[in-house]
Amino acid sequence: MQSIYLLIVLAPLVGAIVAGFFGGRIGRVNAHRVTIAGVGLSAVLSLAVLVGFMWLDLQSFNGTVYTWMVADGMHFEIGFLVDRLTALMMATVTFVSLMVHIYTIGYMADDEHNWPHESLAGRNSYQRFFAYISLFTFSMLMLVMSNNFMQLFFGWEAVGLVSYLLIGFWSTRESAIFANLKAFLVNRVGDFGFILGIAAIGMYFGSMDYAEVFAKAPELAETQIAVFGGVSLMTLICILLFIGAMGKSAQVPLHVWLPDSMEGPTPISALIHAATMVTAGIFMVARMSPLFELSTTALSFVLLVGAITAFFMGLIGLVQNDIKRVVAYSTLSQLGYMTAALGASAYAAGIFHLMTHAFFKALLFLAAGSVIIAMHHDQDIRNMGGLRKYMRITWITALIGSLALIAFPGFSGFFSKDAIIEAVGDSHVFGSGIAWLLLTVGAFVTALYSFRMYYLVFHGKPRMDEHTRHHLHETPWVVTVPLIALAIPSIFIGWFTVEPLLVNNWLGDAIYVKPEHDSLHHLAEHWHGQLAFIAHGMTALPFWLAMAGLALATFVWFFLHQKNPDIDARLQRAAGPLTRLLDNKYGFDDFNQKVFAGGGRGLGQLLWQAGDRALIDGAVVNGSARMVGYVAGVMRHLQTGYLYHYAIAMIVGLVALLTLFVAL
Amino acid sequence: MLPEFPWLSLVIWLPIIGGLAVIANGDKNAELSKRIALGVAVAAFAVSLPLWFMFDASTAAMQFVERADWIPAIKVEYSLGVDGISMPLILLTTFITIFVIIAGWDVVTYRPSYYMGAFLIMEGIMVGVFSALDAILFYFFWEAMLIPMFLIIGVWGGPNRVYATIKFFLYTFFGSVFMLIALIYMYFQADSFSILDFHALPLGMTAQVLIFIAFLLAFAVKVPMFPVHTWLPDAHVEAPTGGSVILAAIMLKIGGYGFLRFSLPITPDASAELDGLIIALSLIAVVYIGLVALVQQDMKKLIAYSSIAHMGFVTLGFFVVFAIVRHTGSADGAVMGIEGGMVQMISHGFISGALFLCVGVLYDRMHTRQIADYGGVINTMPWFGAFVVFFAMANAGLPGTSGFVGEFMVILATFRADFWYALLAATTLILAAAFTLWMVKRVIFGPVGNEQVAALKDLNRREALNLGVLAVATLAIGIWPKPLVDVMEPSIVHLVEQVQVSKLATAGVHVDAGAAVAAELVQMTPAD
């Protein structure tokens with residue numbers, strides 16, 4: 001089995017290397033062929049592994065590929081842990097990645113127009129893009145298939161690197177290279193916590209290996225350590241690890257990089273910043289469930305951060321006019337839902353939502369990208385409208401994605417999101433009440449912003465200029481086929497996987513839940529099939545709130561908008577301070593820019609000028625040089641040139657020295 | 001195969017004699033001089049390879065030992081040998097020198113044969129420092145090192161080179177005088193100049209503290225540690241590219257090496273007593289210097305400050321051992337700290353060397369190092385841009401590159417000593433990324449900054465070869481550090497055992513005179 005797993009990981013890497021280093025030589029077509037072949041192989045094998053786990057009784061694999069380092073008796077290894085959780089992630093990642101690879105053929109076909117004519121960086125940018133997304137797939141697989149913390153961190157940072165390279169892909173754009181630096185640094189703040197968490201594990205568990213750490217965890221459950229005036233070891237470790245997840249999965253307050261990451265080309269917004277990389281934090285916490293279960297404080301923290309992100313980031317989505325940013329804020333909000341599920345110990349529900357979200361959010365992003373292609377790279381929804389007539393496939397698939405997103409009954413998102421809200425409602429950790437409220441009201445907000453965008457883009461009168469409208473047409477098959485391929489699971493995957501994942505505990509040993517934390521047992525006990533679940537969901541508050549949001553959106557942006565095309569702007573003006581608050585994204589960006597970026601530079605300037613230049617160099621170093629000069633100037637007067645002066649000095653000195661020696 | 005063959009002498013004297021030959025050949029036939037220089041550098045690397053391949057990684061004992069009388073009257077010996085600590089540093093030296101020679105090939109037009117010759121002589125001397133087992137021989141090489149570097153900066157340096165060379169010379173010379181006194185003192189105690197005898201020499205606490213401080217002054221300047229670091233940015237800015245590479249990649253490591261070879265084993269009790277000072281200075285290097293690096297306008301200064309911050313990790317890893325023992329009651333993790341520091345030194349040799357080469361590539365084309373004079377370089381130099389981004393990421397400690405390995409090990413070790421130490425050390429994840437990538441953003445990315453940038457030509461074959469090989473080395477250690485760490489392990493395990501054995505218990509019995517002299521010295525120092 002090991003060679004198959006190795007093949008799954010290495011096939012995309014080989015593709016990336018070939019397309020990256022030899023892209024210019026082999027040309028565009030061969031570059032996308034080789035990368036698609038690599039990722040395709042990975043996807044097929046990953047699906048085979050998933051099938052193996054589902055029906056063929058495939059056993060979990062945990063093995064070492066090679067020993068990275070042995071230091072001080074501690075083994076650092078590169079190895080794979082493939083259990084059901086991993087298999088699910090592998091299949092999701094490689095499938096979405098494959099779709100995005102194919103889609104990219106269409107999206108990046110005219111990429112030379114995005115570069116200044118003379119820029120050499122624009123040459124072979126097509127091949128380079130394929131190299132990057134394949135490299136990403138490799139990194140993400142290393143992350144999810146790892147069997148130890150060191151390799152997890154490797155994958156963690158490697159996906160961050162590729163994300164950095166791809167956000168700043170159009171490197172001649174100031175906004176893009178601002179966004180990628182911001183993304184990397186904010187993620188590094190998370191990684192700062194993460195690596196301390198890993199160091200704590202190294203110290204107290206003496207191992208990097210998941211299996212060893214998890215086995216030893218119960219022994220250390222009660223350990224207190226003398227940091228912050230005494231804290232439980234597990235709480236410290238879990239919160240530190242979770243800070244890493246907050247960076248990668250963009251949870252408040254480390255969410256600020258994700259909206260800006262939309263500067264990157266749309267295919268990677270779909271792949272990296274919606275479907276896969278940003279869910280690494282969710283996956284990580286689920287993987288670490290044997291640790292998180294030992295600290296209710298940490299769980300509570302996770303739950304509240306998730307719920308706050310889910311609600312407040314969704315609100316911002318209401319005032320965005322850039323089609324990608326609306327979807328980006330929706331991603332933030334959905335990541336919040338997943339995080340909240342983890343905090344409620346409903347890891348399976350979190351992973352379930354991760355999977356359904358990967359499909360429908362990748363779909364929404366790719367549909368947005370399709371719209372952007374048709375609009376000649378205008379992303380402002382105020383300039384769109386009526387696109388359904390011109391792009392049938394994009395329209396229908398986007399509608400499917402939106403319905404899945406707002407948890408319309410029967411669509412995949414319905415099963416996963418409803419399960420999360422129920423689980424949070426059944427949770428007893430501190431803060432679960434307020435979290436439940438935020439998530440429930442969030443359902444209303446989700447429906448509102450999703451369908452605001454949907455109506456503004458696809459319905460109403462076309463608002464683009466004549467030239468653009470004249471050229472509007474459906475995008476080529478390489479774009480629409482992935483849309484359809486993603487639309488199918490967006491509808492059905494929830495129906496087919498809800499029972500094994502949430503009821504029959506398909507994930508099994510991969511996840512550990514303390515019996516008293518189990519917030520999904522209620523759902524499992526009252527399970528009477530999907531239809532009953534849907535019927536039950538339709539009696540609950542989240543459903544009605546979502547429908548209310550949908551109805552309100554329809555009323556405002558479908559009906560009112562027909563008579564008042566500027567209804568959107570008027571509403572925003574009417575909401576005044578609230579709009580401003582949301583437009584400013586609650587002031588996070590300004591605060592970070594002033595306090596952290598500005599403060600860091602100011603402090604650096606101060607230390608350099610006052611410390612290094614004035615104090616050390618000015619006063620001490622050059623000061624002592626001046627002192628030597630000054631003393632020398634004084635001493636010079638001693639050199640009178642009279643021989644008898646020197647003779648006397650010599651005699652005095654000799655006597656003094658002799659006295660000293662005798663005395664000793 | 002031939003264990004008695006004098007490999008170390010060969011690695012020391014081949015480049016020195018070769019360097020003299022290059023200088024003797026002169027500039028009349030500069031092309032031939034360059035070829036000889038390259039041949040010598042490659043040969044020196046080749047003859048250093050047996051040190052790696054014939055090394056017995058199962059013992060901490062000195063290997064490839066050579067002994068001969070030098071000045072019998074005061075028992076000074078020509079005594080050489082390496083263990084797992086010095087051997088990798090020697091290979092780093094012979095490896096990096098090749099790239100310095102290649103990098104100077106076209107761009108040094110003023111007296112190129114002297115330039116190449118100076119670097120070859122420098123190489124031999126540095127190998128001498130790493131392999132000397134006699135304190136006077138060590139001191140001889142240590143001081144001799146200043147001369148070629150002084151000339152390299154003074155002759156081929158920038159406009160402000162006189163200030164920089166004098167600052168460099170006085171700073172380092174100031175430090176080493178105290179070391180000489182300490183060495184002579186120990187000679188009188190041990191009746192030998194053998195460094196290994198010094199390791200076994202019992203010493204009272206006062207003597208240890210004084211010796212420790214003397215060594216600290218010498219080594220802290222070389223590393224350099226805060227607050228005696230300000231010579232480094234000036235020296236780098238004025239030094240020619242090759243000088244910067246040697247300075248950053250190897251000379252700084254000699255300070256770190258000194259701590260391992262002298263301070264820790266000779267004065268374990270004083271080290272245990274004063275480790276808080278070193279840890280504090282190391283953490284200041286990480287945080288304070290990291291912030292200072294952020295605001296540098298000159299690329300070389302920025303990388304110089306980045307070097308100081310990274311060397312802070314080295315000294316942190318070396319001295320965290322005592323705090324670990326105090327905190328956890330066991331020395332588990334101490335070996336990892338020192339190994340992490342060692343890996344960091346090797347890795348920093350590749351990465352900072354490569355970054356200085358990158359700055360050199362730009363400087364050769366545009367004759368400015370100011371960040372503000374660039375912008376959008378990737379539009380005209382895409383391959384170069386790719387290398388810069390790679391080495392910048394390595395500098396920021398990205399896993400998969402060698403930059404990660406040492407930092408990771410040191411953070412793991414430091415966490416055992418104190419949560420707050422580890423927290424401060426881990427800020428490097430943010431700071432190093434901030435100062436390195438912000439520079440990359442302003443220099444490499446963005447629209448073409450000006451007409452000069454628009455006219456830039458991408459790497460030539462020689463530059464690409466240089467950076468390519470260093471990139472492979474950086475990746476190799478990042479992907480598989482095991483061979484490197486395995487080589488060091490026995491020596492460092494031995495060192496950690498050594499530092500845990502107090503020298504105080506035996507000191508009083510054996511050496512009364514030592515204690516007496518120490519007591520007098522204490523009375524003479526105003527600090528007491």
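**Reading a predicted two-chain model**

Q: How many contacts beyond four places in sequence does the model have for residues 524-528 of chain B, where pLDDT stays under 50?

A: pLDDT is the predictor's confidence in each residue, from 0 to 100, and two residues are in contact if their C-beta atoms, placed from the backbone, lie within 7 Å. For residues 524-528 of chain B, the predicted model has two such contacts beyond four places in sequence. Where pLDDT is low, the predicted coordinates should not be read in detail.

Q: What should I know about numbering and thresholds before going on?

A: Residues are numbered from 1 along each chain as its sequence is written, while chains are lettered from A and ligands numbered from 1 in the order in which they are written. Since this is a predicted model, local features need pLDDT of at least 70 and side-chain atom pairs count only at pLDDT 80 or more, whereas totals for chains, interfaces and linings use all residues.

Q: What is the mean pLDDT of chain B, and what ipTM does the predictor give the complex?

A: Chain B has a mean pLDDT of 90, with 95% of its residues at 70 or more. For the complex, the predictor gives an ipTM of 0.91 and a pTM of 0.92.

Q: Which helix of chain A gives the most to the side that touches chain B?

A: Helices (H or I, at least four residues) and strands (E, at least two) are DSSP runs, numbered from the N terminus. The contact takes 46 residues from chain A and 46 residues from chain B; on the side of chain A, helix 5 gives the most, with 15 residues.

Q: At what angle do helix 25 of chain A and helix 12 of chain B cross?

A: Axes are lines fitted to C-alpha atoms, for helices over the stretch in contact, and angles run from 0 to 180 degrees between N-to-C directions. The two axes, of helix 25 of chain A and helix 12 (residues 268-294) of chain B, come within 7 Å and cross at roughly 105 degrees. Helix 25 of chain A and helix 12 of chain B are therefore roughly perpendicular to each other (65 to 115 degrees). Among the residues that make this contact are Trp608(A) and Tyr288(B).

Q: How many residues of helix 9 of chain B are buried?

A: A residue is buried if 20 or more other C-beta atoms, placed from the backbone, lie within 10 Å of its own. In helix 9 of chain B, 15 of the 18 residues are buried, so this helix is largely enclosed by the rest of the structure. In chain A, buried residues make up 57% of the 664 residues.

Conventions. A residue is buried if 20 or more other C-beta atoms lie within 10 Å of its own, exposed if 12 or fewer, and partly exposed in between; C-beta atoms are placed from the backbone. Angles under 35 degrees count as roughly parallel, over 145 as roughly antiparallel, 65 to 115 as roughly perpendicular and the rest as oblique.
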